[in-house]
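Have a look at the side chains as you read.

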Amino acid sequence: MRRVLKWTVGLLALALAGVAVWDVATFDRDGWRSDYARLKRATAQDYANLDWVREHRRLDLAKLDRETQAALDGAWSRVQGYRALRAFVAAFDDPHFTLALAEGPPPTRASIVAGPEAAAPKVEGCEAAGYRDDRSGFAGRWAKVSDWRPIGPADADFPIAMVGDTGVLRIGTFGDDRYLAACRRAFRPGMDADTLRTATRGLLDREIASALARLRAAGARWLLVDVSGNGGGSEWVSDVVALMTPRRLSRAEALVADPPCDRSGVWEGRPDCRVLPAAGPRGEIMGKGAWRGPIAIYADKGSASATEDFTAWLRQNKAAILIGEKTLGAGCGYVNGGGRVRLAKAGLDVRMPNCARFLADGVNEIEGQAPDIPIAAADDTSWAHAMDAAIRQTRVAAR
């Protein structure tokens, strides 16, 4: 057995050595430099948060460029080239700015073609349309909260519970395509992707409204929405915001990167124009009033993207208070597919957000949102005690 293991380890070492030799022998340094030049151009023109990161986080773009160029000049393998590009992307500390292995056909910009609109292709089912299930219910530590009383099945799309006279609603994701069971209930043969999406969202809206009605029937006077670990999703979040209040809400709409000039000078400390327009219109959401009472939102460092939009809509319109931890700080993501760049020689895809959302105080959402009532705990028991105290505080704050 030991001899077989020894031979196996030896063969693996030889194989890895062979891969390393091949990598060095076939590494195209000029190709990776060309890829980096393309990445720089795209970042300067399409990355919505570039000016914010440069001005408010004080990221030295000229220094970053020199360091990346030097790392690529000294690279002699794909591994080293990848490390150089990964360090470039990581320097922006933006969860929506990512580097990954290339998948699928190269990205193209959308175009408008004159003529009759082609019929949308039908989908064979939810899985074929890309739906999957990654909902998450209440974390186990909720059971340690005083007077915790779950209502209904724990595996519901939107689990609910009572804590005294506070109703607790769990929303594990704002991705409507992450509720596979709901999609299957909504699906009808002959649907195209858009029709299926609309039907699924409508079903999910009714499920949330029903969950809120059950909480009211159970005696809930206050609502706590648990979006901890909710990494975001789609524009369906606006539907959910509307269910939380009868009021008309308003906030600044997301700004989309659309610079009026060539911004290549930004890498030399010379931004010749802004990547974002100076201002944009205000958006509105008309509340549907499935819930009409006071609201608290429980978020944590895993709450991001569309979840931060959900929090901002309700909080900035004084319809909710925020408890828990500072949110992740992903902010706005990708409008109409967002910025996606194929680095052909490197075999990598880079995604960067082409939109940015700003809070009422002018702060970019990528800085995260600090809670009104912090909850910091080292273990489940201390977390439950802190949550008990936070729920009491929310009742006082809402009076």
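1. First, the term: a salt bridge here is a side-chain nitrogen of Lys or Arg within 4 Å of a carboxyl oxygen of Asp or Glu. Asp 372 and Arg 315 make one through their side chains, at 2.9 Å from N to O. That pair links distant parts of the chain, 57 residues apart: Asp 372 is in the loop between strand E13 (355-356) and strand E14 (373-374), and Arg 315 is in helix H9 (residues 306-316). Helices (H or I, at least four residues) and strands (E, at least two) are DSSP runs, numbered from the N terminus.

2. A word on the source: this is a predicted model, where local features need pLDDT of at least 70, side-chain atom pairs count only at pLDDT 80 or more, and totals for chains, interfaces and linings use all residues. Residues are numbered from 1 along each chain as its sequence is written, and side-chain values use heavy atoms, with hydrogens and water left out.

3. On accessibility, buried means under 20% relative accessible area, exposed over 50%, and partly exposed in between (1.4 Å probe, protein chains only). Asp 372 is partly exposed at 43%, and Arg 315 is also partly exposed, at 22%.

4. Now try Arg 54 and Asp 51, whose side chains form a salt bridge at 3.7 Å, N to O. They are about one helical turn apart, because they sit 3 residues apart in helix H3 (residues 50-56). Asp 51 is buried, at 3%.

5. Which residues join Asp 51 and Arg 54 in a network of salt bridges? Glu 55, Arg 263 and Arg 274 do. The whole structure has 35 salt bridges.
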